[in-house]
Amino acid sequence: MHPDATYLARQYYTALDHHGYDMLRNLLEPGFVQHRGDMTLSGREEFVSFMRDDRPQKDTRHVIERYIQSKSDDEIVVRGHLEDRDGDELFVFLDRFRARDGKLSELKTFVKSSTAN
């Protein structure tokens, strides 16, 4: 039995927040793709490389407010916000993950600038 999308999403945020890039790589299918407003990252290696080397702020923490699991366990929507190292809110996000065969296959990210900034 494969882990459901909720478990995979929780592990995804843990890997990012703790700089666990090997763990992140193991959660993703080789053909993983992330779609976001400013770019699309295609392939597991491109995504992991961006998160490890190129994202603007790496010392951040995802604060999850809600997980909404699909009935089929292969899709989940996550609502939360990203905080910097001082605990200041950077933006609010909504992530929609799709999972297949125990791995994350797709992520669609929506962000809204924080009203606190």
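**Entry 1: charge pairs**

I searched the whole structure and found twelve salt bridges, counting a side-chain nitrogen of Lys or Arg within 4 Å of a carboxyl oxygen of Asp or Glu. This is a predicted model, so I kept local features to pLDDT of at least 70 and side-chain atom pairs to pLDDT 80 or more, while totals for chains, interfaces and linings use all residues. Residues are numbered from 1 along each chain as its sequence is written, and side-chain values use heavy atoms, with hydrogens and water left out.

I began with Arg25 and Asp22, whose side chains meet in a salt bridge at 3.1 Å, N to O. Both lie in helix α2, three residues apart, about one turn of the helix. For elements I used DSSP runs numbered from the N terminus: helices are H or I with at least four residues, strands are E with at least two. Asp22 is exposed, at 56% relative accessible area. My cut-offs there were under 20% for buried, over 50% for exposed and partly exposed in between, with a 1.4 Å probe and protein chains only.

**Entry 2: bridges between strands**

Next I looked up Arg100 and Glu29, which form a salt bridge at 2.8 Å, N to O. This pair links distant parts of the chain, with Arg100 in strand β5 and Glu29 in strand β1, 71 residues apart. Arg100 is partly exposed at 46% relative accessibility, whereas Glu29 is buried at 13%.

Then came Arg61 and Glu83, with their closest N and O atoms 2.9 Å apart in a salt bridge. Arg61 sits in strand β3 (residues 61–69) and Glu83 in strand β4, so the pair ties together parts 22 residues apart in sequence. I noted Arg61 as partly exposed, at 45%, and Glu83 as buried, at 13%. I also followed shared partners: salt bridges join Asp22, Arg25, Arg44 and Glu45 into one network.

**Entry 3: the nonpolar core**

I turned to the largest nonpolar core, which has 24 residues. Such a core is a set of buried Ala, Val, Leu, Ile, Met, Phe, Trp, Tyr and Cys residues joined through side-chain atoms within 4.5 Å. Tyr12, Leu24, Phe47, Met51, Phe97 and Leu104 touch the most other members. Elements giving two or more residues include α1 (5–17), α3 (44–54) and β6 (103–113). Helix α1 gives the most, with seven residues.

Leaving out residues up to four places away in sequence, Phe47 touches Tyr12, Leu24, Leu28, Phe32, Gln34 and Leu41, with contact meaning heavy atoms within 4.5 Å.
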